[in-house]
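I set down each item as I looked it up.

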Amino acid sequence: MSQALVNRILAELNRIRLVDPHSHINPHSAASKTLADILGYHYYTELAHSAGLPREQIEEPGIDPKEKVARLVPWLRDIENTVQYGWLIDLCRAFFYFEADTITKSNWEGLYDRAIETLSQPDWERQVLERSGLEAVFLTNDFDDPLTGFDTQRYIPCLRTDDLVFQMTNPETRRRLAATTNIEFDNPLECEQAIGALFERFTRAGARACAISLPPDFEPVPVTATVAGKLFATIRSGSELTLEERRQLSQFVFWKLAEACSQFRLPFDLMIGVNRRVYEAGVYQGQDLFDGRCSLFQYRRLFNAFPRVMFPISVLASGMNQELVSYSWIFPNVATNGHWWYSNIPAYIEIDCRSRLQAVPQTKQIGYYSDMYKLEFALPKFGMYRQVLARVLAEDFVVARAWSEERAVAFGRMVLRDNVERIFPARR
Amino acid sequence: MSQALVNRILAELNRIRLVDPHSHINPHSAASKTLADILGYHYYTELAHSAGLPREQIEEPGIDPKEKVARLVPWLRDIENTVQYGWLIDLCRAFFYFEADTITKSNWEGLYDRAIETLSQPDWERQVLERSGLEAVFLTNDFDDPLTGFDTQRYIPCLRTDDLVFQMTNPETRRRLAATTNIEFDNPLECEQAIGALFERFTRAGARACAISLPPDFEPVPVTATVAGKLFATIRSGSELTLEERRQLSQFVFWKLAEACSQFRLPFDLMIGVNRRVYEAGVYQGQDLFDGRCSLFQYRRLFNAFPRVMFPISVLASGMNQELVSYSWIFPNVATNGHWWYSNIPAYIEIDCRSRLQAVPQTKQIGYYSDMYKLEFALPKFGMYRQVLARVLAEDFVVARAWSEERAVAFGRMVLRDNVERIFPARR
Amino acid sequence: MSQALVNRILAELNRIRLVDPHSHINPHSAASKTLADILGYHYYTELAHSAGLPREQIEEPGIDPKEKVARLVPWLRDIENTVQYGWLIDLCRAFFYFEADTITKSNWEGLYDRAIETLSQPDWERQVLERSGLEAVFLTNDFDDPLTGFDTQRYIPCLRTDDLVFQMTNPETRRRLAATTNIEFDNPLECEQAIGALFERFTRAGARACAISLPPDFEPVPVTATVAGKLFATIRSGSELTLEERRQLSQFVFWKLAEACSQFRLPFDLMIGVNRRVYEAGVYQGQDLFDGRCSLFQYRRLFNAFPRVMFPISVLASGMNQELVSYSWIFPNVATNGHWWYSNIPAYIEIDCRSRLQAVPQTKQIGYYSDMYKLEFALPKFGMYRQVLARVLAEDFVVARAWSEERAVAFGRMVLRDNVERIFPARR
């Protein structure tokens, strides 16, 4: 297969304007201010820490941004091989006039200064969106986020529900939920009403997804009103829930969220497989890992119970990708979604992408999302994905199945862009 | 690696005459009658349903074949990317003079009519076998199939035993077994005699395999006569078995089947890992999925207990393929068998095929079976496999290990054809 | 991607002098004496047995070496496809002037004789090390190995601890430990002292690692002194431990080993995932297999508890490799180590190698070890790895990320050689 073919397909894919269906962008501060915002992305801090940089040096309270970069730079050498380092170089070249292959003790200060020049331009946020081909970006909003003060056409709200499902025993979570909904709840019915109020507010504000990340051992099942009532009674009494009761409470809230998704016609974006705080001494956001012993079989009751809810699914373990392909090929309400976190490297994207393109209806695949915290990362991350996608389209479709290049590119456009609109439709 | 090399190897592989070691062909109606038989293959109905076509429209009782195709065609657009759609186009081109890239609302009726012309030729069954290079096809016979009225040299009987192992609590299953064997059984010994009678009849009729599909949590172990006796006593009493007792009954019958395989020298073809009816609202044959949490370690007692029984094994999850490779490399009585169902797409065939060719004795690998319900599918399905096989032989043997092309082709012939005869030998 | 590029990188990798960080070499008899030593490698005996050669013929007591080879040769035909057979041909060509493609009934005797000529040269051991580019080789020493009579600069001691962890209930193990340490232990504290004495002796002798292989269901946790005390009391009383107590005893000893590694600053080399004696009728060393249902999540407490101990990790199942990549990317004290046993074939090395090179800090990856029993195998086994490594460096770094070839080769040197010194540092 010729590289020229891949390059022609890639050039066409590069022209497609994007809607990024999952990010952690703060719409009030979407772009980076300095190189410290960029190097502060957990990939760099956690990899530098893994290579030997003590957490205390990275996370010293009140540390000056330039000093933070100065401390990280010497450790970048040990992670130059990583694809995450590749993103860094790609974006420094694209945005900061950087021309070297590596960031070193001798060139980082110049880079730092040029980055500030770029990033402090008054219209930088508009520029970076434009240069990255981004028309809109999905957010990750806390359930009590006021959702005000930003353009919800550009930054699309998304109701993130981890706290509701896994922290409902925390009085602070209940206080926040009561405060944002004006519903004092201390029984299952009121809890359901509070959830309804959240969905009401989020959908009015243009939210296009409800989202959650889930541990490998989570299994959604309905919880009876009687059982739920006892759980809330125990909470009211001030007693601690047992582990089993906490599990049931999570299942209860999760099921109520799925019911609300059905009622409010919101897709329920499931990110399956993360164990939180596995490495407790790790840097901020660099403590989570996974356990490959997890199956979508655990979700069968959910998929059967909510035929009208679309479940776009991300799996953390590449080993679960074949299940995702198969469940998406069978269940009308299951779709594949992006390449998440530890699976977001070319070696795993390639095999996962190939199997999805070969066996899931083309209308049910969302190719990629950035998962970024700052806008500058869309360019290198989508760039990495498009490179893999172009190769797979060339090999598995143009060469192996004799498709025309136009047809391959049209398929690429569907997974890169069209399906975001199809699977997370804008609300009228 | 040059495409010309791959093509040369592929051309040689295409000349090899085949014996298909696993299918669901009905020998009394082996070929399709209309395009509805072809589009009725569960891959098309389940993928169209997954893309949005309601089951009720596909499975309306008494629906006319042409109307059924008319309802499916509009949904084919959404699954054009799938390799299963690729099989459809390949066979329409090979058999029905179809020349377009896709089947559309505007060209399907002409195709439907041309297909009828082809399929209604009086010697079509012979033609399709000939043009697909098929000399013989293994069947999947119910245990009470009379096995009469067809040529058992061309259509080779195979005793399928799922009902015996997993439906023995069903009175209808016991009635069928008693009726076909003339043995009224209500204790373990009589059950064993009935099984013996089945094997006697099947092997006399030329059966070359006993086969079964198994759920991921099944673990074969011997069950004592005392325990089995209590199970049958409970059945006699008309009481329901508990879940645990049902499990033991399945294990008992399974173990007796393995003993019969040993006694009658039949290979025991195990298809491991399917969960039935996971999506209960799915179309016919489009409801089953899997759980990747399954291991061949569960089968260690079986492999050790029956050294004289050959176990050709299919795994549903590609993630179990490395175990299959390793168990086949260690156990003399374990062989690799084809690429099953959700693993039967090029992305997974490639990695699974590569590892098998690299590490399992070449005499213990069956490359492929069609699993088809209608004869027309052998051509595109074996065609897909040969394309992958040719590439792996070229890359991993001719290029990486400097084998001659002749030697690579001879190895290909062994896994494609010779080993079917070796592992499922014809009975004298 | 051009094969010429791969070949240029490979030529440079071939010039790198090696330290092999894991082998089973006997330093008193490191090289083979006859072809029987080479064909006696378990890969050949187990594959020939898998293909049909009865164990009794291979393992007949007192069998003459030439007769043993004569019995194996006819079965080699069935395993010519395997990569392990490829190693055999590669080493016969490199060392024994062999020029055919296959070893047959008609050419094996000449080969046998030429092999003896080569192997009986007085300086063969030095020659084979030199021609294989080996500067030093790590050993696998029983805990009561005297560690005398060999050059510990060339053959580096490594404390293997499987017996201590899993056979402590065996009186013979306790006797050996008491004998080698001169510590009569019958309580946890004395056991800990005995372990300390072992580490003292091994580190004085230049040991650079403590190593162990572990079954898939092992989970390291600390065991309280009270619980451990009861276990030793039960042993003292002559009673048998229950399965659960045996598990706790293993966990106790394992945790004490980790503490000793921390105190003596030895890396703890974990080889995770082997089930011993799964096929009990198999040939010597050809009885072990694995269960893919295993996770590094089971090791979280260990990694957190011993931040100063480096854990180079091998996984038996390629399906666990993504966990290994991810845990190494997050935990500073986890490193990737080689491609072990059932994962040591090009199909799995390639995907495992690609993901590691793309996502683990480059300083924390040990590319390969030979695991060999005789020195002649370093050449073909490292040769196989370098071939895969060269291709991955070419595709994923030179082509996909526009690295210079020099930079790619430097990265290759780091994983092939430099990191062995970095992760298993020589003791001053």
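I counted a charge as sitting over a ring if NZ of Lys or CZ of Arg is within 6 Å of the ring centre and within 35 degrees of the ring normal. By this rule I found the charged end of A:Arg407 over the ring of A:Trp403, 3.9 Å from its centre. I also noted C:Arg300 over the face of C:Phe297, at 3.9 Å from the ring centre.

I worked on a predicted model, in which local features need pLDDT of at least 70 and side-chain atom pairs count only at pLDDT 80 or more, while totals for chains, interfaces and linings use all residues. Residues are numbered from 1 along each chain as its sequence is written, chains are lettered from A in the order in which they are written, and side-chain values use heavy atoms, without hydrogens and water.

I next looked up aromatic pairs (rings of Phe, Tyr and Trp, the last by its six-membered ring, with centres within 6.5 Å; planes under 30 degrees apart are stacked, over 60 edge-to-face, the rest tilted). The structure holds 99 of them over all chains. I examined B:Phe397 and B:Phe411, an edge-to-face pair at 5.4 Å centre to centre with 75° between the planes. B:Phe397 is buried at 0% relative accessibility, and B:Phe411 is buried at 2% (under 20% relative accessible area, 1.4 Å probe, protein chains only).

How values were computed. Buried < 20%, exposed > 50% of the residue type's maximum accessible area, 1.4 Å probe, protein only.
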